[in-house]
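The following exercises concern a single protein chain.

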Amino acid sequence: MTCKNPSCRHQAKRKLRPLVISLIPSSKSAGATPSCPKNITPSCPKNITSGNSRHEQITHMFKTHPSLAAHFEPPTFSPGVSARDLRNRLKLLEHANRAGLIPDIEWREICRALSEQGLGDGDVNYVVKDDHDNQEEQAGFKPSEKSCESESSSGEKHKVIDPFRYLATTSKVQPVSDDATKSNKSNNSDTSSKAGNKSKKKRQWLEYETKSLVPISPERQGSTEDISLPYSMELWRKAKTLNRDRSVLACTLAHLIAMKTLVGANEGDSLDNNGEDGGFDFILEDNVRALTGLTNSACECADRIWDTIEASNDAQSQCHMRYYGWLGSLPNISWIYENHIPRSAFNSEALRHTTVFPFPTSDDFELDSIDVSKSRMKEGQTKIQSEESLKDEAIPFSKPPQTPHFEKPGGTQAVWGTFAYTISPSAYRTLIHQLQNDVGSLMWKGKRMRAYQAKPIDKVLPRHIKSEFGPKSIHLPDRVAFVRAPMLGSLLHPHWEEGFCNSTELQYHLSHGGESSNSDNRANGSDVWDNIFLSEEEIRIINHRRKHGKWIHKGTMPKILGDEVDKDVHVNVNSPNSYQSLRQRGTASMLKVTPLAVIVALVVLSISTEHFVGRCLPFYVSVDAFSFNMPFHHRHKQQETWSLMSISEEDAVVEEERQRGKLGKVPIISRKIPIEIKLPVDASNDESIAICGDQSENSMEKLDVTIWEMDKPSDLIQEWWSIDESERSARVGDPFGVVMWPGSILASRELMREHYYLPLKSPITNATVLVLGAGTGVEAQTAALLGAKVVVATDINPLTLKLLEYGAKNDDRIGNSFEARFFDMFSSEPLPPCDILIAADVLYNPDLAKQVGRRLHEAIVRSFEEGASPTKVIITDSQKFHGTNFLEEVAELKELNTLFKENGWEELKWEMQKLESIRASGVLVDEDQVYDVQVRVISWGWKL
């Protein structure tokens, strides 16, 4: 199709070729098994054909609108990067290599290691080896001597993959002897005890030393420890600590992959040669919409792009990055149009249609006496407190506001977004060179920060180009060709969506001299949406905004209202003014819809909540290592749907019952957990009959336990991941006990079952109960409420111990029998005396699992030696991270089980039980989820 518009200013120009980044990767690419490409530097796929709704919308936009189809080739999609992929070491390395970050020599050695370890076989599942295993292997084992396969309790084979086998070696540092330590203290008697403690901790941290086996570039930047590692190892060490910022890093990698495709083999410096040579002219994100009719010309988008190109080429400063769409805060946009453009525009007096100006810098702010030196701390950061700083008293607190608000111009960067731009080959090459030599250009961490944070691409890209080619090497137009889709429902920054829309309206308003072009005199710029290619849902969002003055996200408008409006009003998204007819008839449609909406709402309320949610909102019940497998956007839509349908009474009650407080500066939140069991009627058991009464089948017993968790613990786990493994125990300890885990519920149910089976002779009443790794103390509180004489809840994290104490102290039913005590299972200290031993969900690494097995053996054998009743045991494991079975791998327990079998005693063995409808959060997922989980349990000694 050729342009037939006689008023088109660029009718004779060639068609432009857009390259669109898939910010939401397709399911195929997200779930693909990582593989080692045969080519060391493979080219990126240029097209993705999937059912991605964003792909369909943007393809529909370019293909169906007459002016866009006449001036643009159909869009080509660059592959996206899934944030979930970045949790996996192999997938992270593969994405980084596609982005051009991994040095060739390192990628060859990675491929060699993966090839030798059999990556590509179809009969096993691949498990990424953690750093501890790598240290153990390098310290005392050769790769050929160590088995690469393990078997889980279910018999499933796992193959351990170490991609860094030929990149570095890790050896154990010789520890400093006690004699040398004493000698140093005697020679330096004036050294304070505080300094001595720090040096002792430092010696504990530096247990391992890593040496690179591949050449390291002399241009590498970073700390001494960083530049001693190969680039790919440093990248993984920092990237694995990211939590929410994984999405930011995934977006950056997707942009780098797209830039690599955009530049291709072009060795020149011009931005406009790529499209002429059959390549691409610019990069778009899949969240953009084109302007199609702001003036009498029907080719507005193409005209604006070509006007920008011509104005940029006429500028005296060479352009290395050109924006075709940009945003900013409301004060910054006003400052740009009122101060920066009049002062700094390139040849603005000679331009008729578009003014091009350089990227604003801090120097430009200072010309107007705007202070940009002060920066605001990020909201929601939580510091880890020492044991001394934690207080027992709860302090109410309020949540910070969700939507950012700016009152004055300024900030570290005046312009937001890289959703429509192009970059020169020389700028791309220098950017990749910098990123290959400095991981800190992608991720950073301050001295007081707990974990690394990813730098967004809209900051990385302009900062580098300005520093490399000068502040005037980035050009922006005053009239943009593309804008962000309204209220898109972004996963990266949902709280910014309303600000993006308001900024788009103000930008349009100011780009037209502060006057609206529409006849209804909407001087605030809201008429920009009438002339942008929008989907039907986006048109309804704009309609709602104009009627009610509020923005709503996609998917949150009741479907009934949308359907009725569509039936009454014909919407043509291709027509620039299609929205005006919808607005005129909106009021009448609302009156027709309201009675039907009321009727349907009543019907919905009468439906069983369980069946309705079960059909419409399927849960993702698979449990991952430290989080539950429900993607954020699924949870977000689920919560919104519940809110709109008014079927969230149970959720609302649960949330209302939860209380918030603080331990020192650490925010905490309560959780009420119902412990329920069904007691079957046993005709041979008089006590059981007395309990059950005249009920025909069973009796339900329920006990409510209230524990306290850390509110939003993701910051804590980020710090734990950011610290080298050898330093974690000395600096943070075990961070996983600050939230409730499902295994503690099953352990509590086992206690209740044994207690109510023989209530007059309960084995819990007057018993001493020891809980290892008690965490938040569900099972410990249950034991105390069931009448235990002494309950000793142990842990190694000071914060966890304070949570245990606080929970017991605030339950009037628990007396002085409860004690929270520090106990390290790996220490030489004997196990505290106990009649009942409980360890719930503490088997989350092989070493810890085996140590729990050794302590279990110690408790049982000690009770035999003392001539007492055998220690009763409850061990649960809902996570099953690694397949370690200490009953087989701990020799002492294996011998003990053999002895039990020979004497006809009950053996220690695992059994599987299913917990249904467990409500919990996690250390990486702050929101509550409801899920089912299979838990393995050892319950022993109750029948002896």
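What is the accessible surface of the chain, and what percentage of that surface belongs to carbon and sulfur atoms?

**Solution.** The accessible surface comes to about 44,200 Å², and 49% of that surface belongs to carbon and sulfur atoms. Accessible areas come from the Shrake-Rupley method with a 1.4 Å probe, and for residues only the protein chains shown count as cover.

**Conventions.** This is a predicted model, in which local features need pLDDT of at least 70 and side-chain atom pairs count only at pLDDT 80 or more, while totals for chains, interfaces and linings use all residues. Residues are numbered from 1 along each chain as its sequence is written, and side-chain values use heavy atoms, with hydrogens and water left out.

**Exercise 1.** State how many helices and strands there are in the chain, and what percentage of its residues count as buried.

**Solution.** The chain has 33 helices and 26 strands; these are DSSP runs numbered from the N terminus, with helices (H or I) of at least four residues and strands (E) of at least two. Of its 944 residues, 52% count as buried. Buried means under 20% relative accessible area, exposed over 50%, and partly exposed in between (1.4 Å probe, protein chains only).

**Exercise 2.** Determine where serine 22 lies and which side chain its own side chain contacts.

**Solution.** Serine 22 is in the loop between strand S1 (18–21) and helix H1 (27–31). With a relative accessible area of 1%, serine 22 is buried. Its side chain makes a polar contact with that of histidine 55 at 2.8 Å. A polar contact is a pair of N or O atoms within 3.5 Å; within protein, one must be able to donate a hydrogen and the other to accept it, and residues adjacent in sequence count only if both atoms are side-chain atoms. Serine 22 and histidine 55 are 33 residues apart in sequence, and their C-alpha atoms are 7.8 Å apart in space.

**Exercise 3.** Asparagine 766 and aspartate 841 both require a check of phi. Is each residue buried or exposed?

**Solution.** Most residues other than glycine have a negative phi. Asparagine 766 has a positive phi near 65 degrees, and that of aspartate 841 is positive too, near 55 degrees. Asparagine 766 is in the loop between helix H28 (742–757) and strand S20 (768–772), and is exposed at 58% relative accessible area. Aspartate 841 belongs to the loop between strand S23 (836–840) and helix H31 (846–865); its relative accessibility is 6%, so aspartate 841 counts as buried.
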